[in-house]
Amino acid sequence: MGVLDALGVRGHDGTTRYECRNCGRELTADAEECTGCGSGEIAHYEF
Ligand SMILES: [Zn+2]
């Protein structure tokens, strides 16, 4: 396994990422607001 695989950069089926739209902090799937800035604007990306 290469470094990129370990980091998940290449992506797998159904990989989902949640990120604050305000500050870009990565959040958990069940986060209702950003743990960094408190914004409720959560972006949702699927790869
Ligand atoms: Zn934030």
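View 1. Glutamate 19 is buried, because its relative accessible area is 17%, under the 20% cut-off. The model shown here and in the other views is predicted. The side chain of glutamate 19 meets that of arginine 17 in a salt bridge, at 3.0 Å from N to O. Arginine 17 is partly exposed, with 28% relative accessibility. A salt bridge also links the side chains of arginine 17 and glutamate 26, at 3.3 Å from N to O. Shared partners join Arg17, Glu19 and Glu26 into one network. The count of salt bridges comes to 2.

**View 2. The zinc site.** Which residues coordinate the zinc ion? They are Cys20, Cys23, Cys34 and Cys37, each through its SG atom, at 2.3 Å. Along the sequence, these donor residues follow the spacing C-x2-C-x10-C-x2-C. Why is the arrangement called tetrahedral? The 4 donor atoms subtend angles of 105 to 120° around the zinc ion, and therefore the arrangement is tetrahedral. For four donors, that label requires all angles to lie between 85 and 135 degrees.

View 3. Cys34 and Cys37 both coordinate the zinc ion. Is cysteine 34 buried or exposed? Cysteine 34 is buried, with a relative accessible area of 3%. Cysteine 37 is partly exposed, and its relative accessible area is 37%.

**View 4. Serine 39 and its contacts.** Serine 39 sits in a loop between strand E2 (26-27) and strand E3 (42-46). Its relative accessibility is 15%, so serine 39 counts as buried. What does serine 39 touch, leaving aside residues up to four places away in sequence? The contacts are Cys20, Asn22, Glu33 and Cys34. Two of these residues, Cys20 and Cys34, are among the donors of the zinc ion.

**View 5. Strand pairing around tyrosine 18.** Strand E1 covers residues 16-20 and runs antiparallel to E3, joined to E3 by 5 bridges. E1 also pairs with E2 in the antiparallel sense, over 2 bridges. Tyrosine 18 has a bridge partner in each of these neighbours. In E3, the partner is histidine 44. In E2, the partner is leucine 27.

**View 6. The hairpin of E1 and E2.** How many residues lie between the strands of this hairpin? There are 5. Glycine 24, in this hairpin, takes a positive phi near 85°.

Notes
Residues numbered from 1 in each chain as written. Predicted model: local features only at pLDDT ≥ 70, side-chain atom pairs only at ≥ 80, totals over all residues. Heavy atoms only, no water. Donors = N, O, S within 2.8 Å, 3.2 Å for Na, K, Ca; no water. Tetrahedral: all angles 85-135°; square planar, octahedral: opposite > 155°, others 65-115°. Buried < 20%, exposed > 50% of the residue type's maximum accessible area, 1.4 Å probe, protein only. Helix = DSSP H or I, 4+ residues; strand = E, 2+ residues; numbered from the N terminus. Contact = heavy atoms within 4.5 Å. Salt bridge = Lys/Arg side-chain N within 4 Å of Asp/Glu carboxyl O. Pairing = 2+ DSSP bridges.
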